Amino acid sequence: MTTTETSRQAGVKRSTSRGVDLKLEVIVIPVSDVDRAKSFYTVLSWSLDADFASGPDYRVVQFTPPGSACAMIFGTNVTAAAPGSAQGLYLIVSDLEAARKELLGRDVDVSEPFHDAGGNFIGPDEPYLFGRRRVDGVDPGRRSYRSFASSSDPDGNGWLLQEVTARLPGRVEPAGTSFRSSLELAAALRRAASAHGEHEKRGGGHDDNWADWYADYIVREQSGEPLPS
């Protein structure tokens with residue numbers, strides 16, 4: 001839901017009532033060779049959280065991607081799903097080109113950047129995920145949520161890198177602004193610096209309150225509020 005930009009979402013308001021926390025912390029992917037899969041995700045430098053077995057018929061391995069609050073597990077008799085059947089697993093990145101460069105540097109196959117000219121990347125037969133509606137290159141306007149690259153693990157479980165630089169309104173509370181890595185924070189600072197440069201041009205000179213402007217820009221960008229001019 002958070003990856004699709006629609007007019008309906010733009011009108012959704014976050015509930016002010018507080019219920020029981022429901023934190024998505026683990027997803028399951030099906031693999032045919034546990035050790036091969038473990039080697040692959042180790043190469044990615046994902047955090048190995050657990051690898052334990054209970055006899056020869058049960059084993060579970062857990063990895064967490066860098067900066068992620070959600071982990072994934074695979075193993076022996078962990079799921080009845082067919083190996084490689086997990087598709088459309090989104091990995092959110094703040095800089096698509098940097099993410100691709102890092103994966104390629106680890107000898108991991110990853111596609112060239114792509115986008116969809118109509119802004120549609122879902123459907124009943126997943127045409128976008130499997131390449132029938134892809135347009136080469138990043139989104140021309142470099143809009144948030146619109147630029148992708150794809151990769152797969154040895155079994156064919158499909159991952160999508162999605163570049164998100166500004167969240168949709170209501171997606172992140174202003175008080176909850178946070179960064180999961182120094183790279184993500186650095187990317188936000190670069191965007192703020194670029195925008196602030198234009199702000200100074202319009203103002204005709206140096207802005208002594210640049211730090212306050214940066215902070216306001218970054219918080220507004222994360223929470224989906226209108227950006228300062």
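Modeller: Start with a cut-off: a residue is called buried when its relative accessible area is under 20%. Keep in mind that this is a predicted model.

Biologist: Which elements does the chain contain, and in what order do they run?

Modeller: The chain has 5 helices and 9 strands. Read from the N terminus, the order is α-β-α-β-β-β-β-α-β-β-β-β-α-α.

Biologist: Back to β8. Which strand is joined to β8, and in what sense do the two run?

Modeller: Strand β9, residues 158–163, is joined to β8 by 6 bridges, and the two run antiparallel. One of the facing positions is serine 151, whose bridge partner in β9 is tryptophan 159. The hairpin of β8 and β9 has 5 residues between the strands, and glycine 156 takes a positive phi near 100° there.

Biologist: How many bridges join β5 to β9, and do these strands run parallel or antiparallel?

Modeller: There are 5 bridges between β5 and β9, and the strands run parallel. Here isoleucine 92 stands opposite glutamine 162 of β9.

Biologist: What should I look for in the side chains of a strand such as β5?

Modeller: The general idea is that side chains in a regular strand alternate between the two faces of the sheet. In β5, residues 89–93, the covered face has Leu89, Leu91 and Val93, while Tyr90 and Ile92 make up the uncovered face.

Biologist: Now take the open sheet of 4 strands. What is its strand order?

Modeller: The order is β1-β4-β3-β2, and the pairing is mixed. β1 (26–28) and β2 (47–53) are the edge strands, each pairing on one side only. From one strand to the next, the twist averages 20°.

Biologist: How do β2 and β3 pair?

Modeller: β2 pairs with strand β3, residues 59–64, in the antiparallel sense over 6 bridges. Across this pairing, alanine 53 stands opposite arginine 59 of β3.

Biologist: Let us turn to aromatic rings. How is a pair of rings described?

Modeller: Two values are given: the distance of the centres and the angle of the planes. This structure holds 11 aromatic pairs. One of them is phenylalanine 40 with tyrosine 41, an edge-to-face pair at 4.9 Å centre to centre, with 85° between the planes.

Biologist: Are these two residues buried or exposed?

Modeller: Phenylalanine 40 has a relative accessible area of 16%, so this residue is buried. Tyrosine 41 has 0% relative accessibility and therefore counts as buried as well. Tyrosine 41 also pairs with phenylalanine 74: the centres of the rings are 6.0 Å apart and the planes are at 35°, so this pair is tilted. The pair links distant parts of the chain, since tyrosine 41 is in helix α2 (residues 34–43) and phenylalanine 74 is in strand β4 (residues 71–76), 33 residues apart.

Biologist: What else can be read at phenylalanine 74?

Modeller: Phenylalanine 74 counts as buried because its relative accessibility is 0%.

Note on methods:
Residues are numbered from 1 along each chain as its sequence is written. This is a predicted model: local features need pLDDT of at least 70, side-chain atom pairs count only at pLDDT 80 or more; totals for chains, interfaces and linings use all residues. Side-chain values use heavy atoms; hydrogens and water are left out. Two strands pair if DSSP finds at least two bridges between them. Axes are lines fitted to C-alpha atoms, for helices over the stretch in contact, and angles run from 0 to 180 degrees between N-to-C directions. Rings of Phe, Tyr and Trp (its six-membered ring) pair if their centres lie within 6.5 Å; planes under 30 degrees apart count as stacked, over 60 as edge-to-face and the rest as tilted. Buried means under 20% relative accessible area, exposed over 50%, partly exposed in between (1.4 Å probe, protein chains only).
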